[in-house]
Amino acid sequence: MIMKPRPIPNEITTLEALLRRLPPAYKRRRMLEQDLAHRQQGYDGEKNVDRFTGALLKNNFTLLHDVYLDSTFQIDTLIIGPHCMFVVEIKNYKGTITLDYKLNQFTREYKGVVTGFRNPIIQAMTNKLLLTNWLAEHNIDDIPIIPLFVISDPATIIKVIPETHDISSEIMHGEYMPQHVIKVNHALNKPHGHLHQKIGAMIVQECETYHFDYQQKYAIDPKDLLGGVQCTGCGRLGMRRQYNSWICEKCQTVSKTAHIQALTDYFLVKKPWISNSECMRFLGITSKNVATKLLKEHGLYYDPIHRRWHVKQVNKVPVGKITV
Ligand SMILES: [Zn+2]
């Protein structure tokens, strides 16, 4: 079964929010757009592979997508079977990739441009070791773990030097991966003694959400990010609140829900909490009651001690410890 579906990566939602909130003339906008396109391409590739994997493996295996553990390692797809587990690294490389094991040199050629990259199987092997340690800490230490590197685009050509170097058990196109998984699991022919669903449930419980640190990567000061409700018609920031709706003064688009995107952006790129006055400033409204109403509807948790709204429930502080 698919126990953990693939979420939209935090990097994508954050970059999209930043591009909405950065001034149009911001100097590194192009770089952010390129990074977003690159990450989106990777995500599309992962979803493409998921289609084959889900359809062919979900009945006899437990599938977890985008597993992030111990705040240290991330696995694109983890497949847990009755005899073994597979740690899958997925890449959406276009063109031709050449894996030169004589020179230990790995390159990809696309539209006449050649770029180098790390030995693709290394990442999956590292994840295998990290997962082995993690499982041992959770008293599971007897399951074979197999690293796989999967190319999502069926049109990508994989070249190997020397040609006699057999990598077919480590590197493959996404559409062949399920058959390979079934074959290897079957060949091992020895149950590891754990219920794969149970291991899956335990890992899902421990999974964290990867937080993309844009401030560190791009040196963007959150103070430079623009507030305002974005028009769903023309994209301009600063829709005006009018009765129970938002109206764009430029293109006259009316929306009842445009503030939802703005609040989502706020929590992605500013802080995981917001006060009533911060909300009024960010959405560009003057009514405290309207701000309260919109924050309530957004499904947030109110923290009466700090008088602010949180994305996640905050720990209840014993009343005796409150010093206001
Ligand atoms: Zn507009």
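1. Contacts between the two domains: seven residues of domain 1 touch ten residues of domain 2, where contact means heavy atoms within 4.5 Å. Domain 1 covers 2–206 and domain 2 covers 227–321, with bounds from an automatic or database domain assignment. Their C-alpha centres sit 37 Å apart.

2. Before going on, keep in mind that this is a predicted model, with local features needing pLDDT of at least 70, side-chain atom pairs counting only at pLDDT 80 or more, and totals for chains, interfaces and linings using all residues. Residues are numbered from 1 along each chain as its sequence is written, and side-chain values use heavy atoms, with hydrogens and water left out.

3. About 730 Å² is buried between domain 1 and domain 2, and carbon and sulfur atoms give 55% of that. Buried area here is the accessible area (1.4 Å probe) that two parts lose on being put together, summed over both. On the domain 1 side, Ala17, Arg20 and Arg21 supply 80% of the area buried against domain 2, more than any other three residues.

4. Arg20 also has a charged partner: its side chain meets that of Asp265 in a salt bridge (2.8 Å, N to O). Between domain 1 and domain 2 the count is two salt bridges, each being a side-chain nitrogen of Lys or Arg within 4 Å of a carboxyl oxygen of Asp or Glu.

5. Now for Asn127. This residue is buried, at 3% relative accessible area (buried means under 20%, with a 1.4 Å probe and protein chains only). Leaving aside neighbours within four places in sequence, Asn127 is in contact with Phe73, Gln74, Ile75, Val87 and Glu89.

Key
Buried means under 20% relative accessible area, exposed over 50%, partly exposed in between (1.4 Å probe, protein chains only).
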